[in-house]
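The following paragraphs treat helix packing, backbone geometry and surface space in turn. Please keep the coordinates at hand while reading.

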Amino acid sequence: KIRESIERLFATGRFADIRVDAEREAGGVVLTFLTRGRFFIGAVVVSGVPAPPSDSQLRTATRLQLGQPFSEEELPTAIEGLRRTLESEGYFQAEVRTRLEPRPEKEQMDVTFAVQPGKRAQFGAVQVSGNPMFPAEHVIRQARWEAGEDFTARRLQNGLTRLQNLYREANYL
């Protein structure tokens with residue numbers, strides 16, 4: 001019956017750990033259920049990063065979703081997702097610190113990622129190699145990547161799109 005009771009308590013999803021302490025007393029046994037409550041993800045906040053990326057992109061990168069059970073084991077994966085998103089926007093030296101704020105009255109854990117993004121990378125000299133079918137200067141001018149400009153995923157993708165259009169308009173696959 002004790003095992004059945006523990007299984008029922010676990011099935012509620014509200015407990016991270018359940019133990020039972022039993023003591024014999026005159027006339028029977030006193031059972032004490034020792035529980036550790038489970039927290040669910042409340043707010044996920046990422047601070048310290050100028051756009052781009054947007055706040056929603058950064059929160060999504062953590063893959064922590066409101067209402068899912070909270071586990072500290074998921075934090076390294078969340079931080080790695082943040083780092084990948086930051087790197088795609090030119091922040092290759094970002095430092096990420098995590099702050100947890102339990103709210104026991106609501107069974108929620110708020111997670112804050114404080115980011116020190118460092119300096120955003122910039123485009124350096126653009127070089128063209130291989131057989132570009134166009135003069136290298138024309139390809140570079142078409143991409144519009146200039147040395148000293150901030151590196152962002154959008155700027156990189158826009159340049160690639162312009163190059164694809166250049167080749168498509170000249171009937172190159």
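At what angle do helix H4 and helix H5 pack, and how far apart are their axes? The model is a predicted one, in which local features need pLDDT of at least 70 and side-chain atom pairs count only at pLDDT 80 or more, while totals for chains, interfaces and linings use all residues. Residues are numbered from 1 along each chain as its sequence is written, and side-chain values use heavy atoms, with hydrogens and water left out.

Helix H4 (residues 136-143) packs against helix H5 (residues 153-169) at about 130°, and the two axes are 8 Å apart. Helices (H or I, at least four residues) and strands (E, at least two) are DSSP runs, numbered from the N terminus; axes are lines fitted to C-alpha atoms, for helices over the stretch in contact, with angles from 0 to 180 degrees between N-to-C directions. The angle therefore makes H4 oblique to H5, a class left over once angles under 35 degrees (roughly parallel), over 145 (roughly antiparallel) and 65 to 115 (roughly perpendicular) are set aside. On the H4 side the contact (heavy atoms within 4.5 Å) is made by His138, Val139, Gln142 and Ala143, and on the H5 side by Gly159, Arg162, Leu163, Leu166 and Tyr167. These residues comprise five nonpolar, three polar and one charged, where Ala, Val, Leu, Ile, Met, Phe, Trp, Tyr, Cys and Pro count as nonpolar, Asp, Glu, Lys and Arg as charged, and the others, Gly among them, as polar.

The backbone on either side of H2 deserves attention. Most residues other than glycine have a negative phi, and most peptide bonds are trans. In the loop between strand E3 (40-47) and H2 lies Pro52; the peptide bond from Ala51 to Pro52 is cis, with omega near -10°. Pro53 is found in the loop between E3 and H2, and a cis peptide bond, with omega about 10°, joins Pro52 and Pro53. Arg63, in the loop between H2 and H3, has a positive phi near 60°.
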